[in-house]
Amino acid sequence: MSEGILYIDSELSLKTRAGEVARAWLDCGSESLIIGLRGDLGSGKTTWVRGMLEGLGYTGRVPSPTYTLVESYPLEMLTLVHIDLYRLNGSDESKIAAEIELLGLRDWFGKPGVWLLLEWPERSPQLVARCDLAIFLDYAGEQGRKLGLRALTPRGESALKGLAEDT
């Protein structure tokens, strides 16, 4: 599958790039999209989501869903659902699956015009398997970030192709 790497020099640049990516993906149509966001604590996963939302015209507050676990943002052309799985407990896959079921994520899967952005997707093997794209955020200096994007499904390939054509 396809992948790309970008170097980002500041938080503002990260948010700006996330907004550009969101607008490019919006041009790909109203299909659902499941994106796994990976990186250490503080690496910029929630900042990336904030940038995507700003790029799509959202002007409200975007809190980290660390405690609520799920935040949804109905926008004019789609609904973006931000999920943070960091607090899922244990290594027992059946227990984690039950916790995910309680979050109601099944209601969002496959719905047209819904993008699921999953922080810490590796906490749930069944969710990792459903991701169309993986975004990796790593530290690159004091303010910089290394941003990796990897397609995991044909839908993810289409989204990355849309980025290549947009830039």
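## Aromatic pairs

The model holds 3 aromatic pairs. Rings of Phe, Tyr and Trp (its six-membered ring) pair if their centres lie within 6.5 Å; planes under 30 degrees apart count as stacked, over 60 as edge-to-face and the rest as tilted. This is a predicted model, so local features need pLDDT of at least 70 and side-chain atom pairs count only at pLDDT 80 or more, while totals for chains, interfaces and linings use all residues. Residues are numbered from 1 along each chain as its sequence is written, and side-chain values use heavy atoms, with hydrogens and water left out.

## Trp 25 and Trp 115

The ring centres of Trp 25 and Trp 115 are 6.3 Å apart. Their planes meet at 85°, so this pair is edge-to-face. Trp 25 belongs to helix α1 (residues 11-26) and Trp 115 to strand β5 (residues 114-119), so the pair ties together parts 90 residues apart in sequence. Helices (H or I, at least four residues) and strands (E, at least two) are DSSP runs, numbered from the N terminus.

Trp 25 and Trp 115 are both buried. Buried means under 20% relative accessible area, exposed over 50%, and partly exposed in between (1.4 Å probe, protein chains only).

## Tyr 86 and Trp 120

With centres 4.9 Å apart and planes at 55°, the rings of Tyr 86 and Trp 120 form a tilted pair. Tyr 86 is partly exposed at 31% relative accessible area. Trp 120 is buried at 12%.

## Charges over rings

The charged end of Arg 123 sits over the Trp 120 ring, 5.5 Å from its centre. The rule asks for NZ of Lys or CZ of Arg within 6 Å of the ring centre and within 35 degrees of the ring normal. Arg 130 lies over the face of Phe 109, 3.8 Å from the ring centre.
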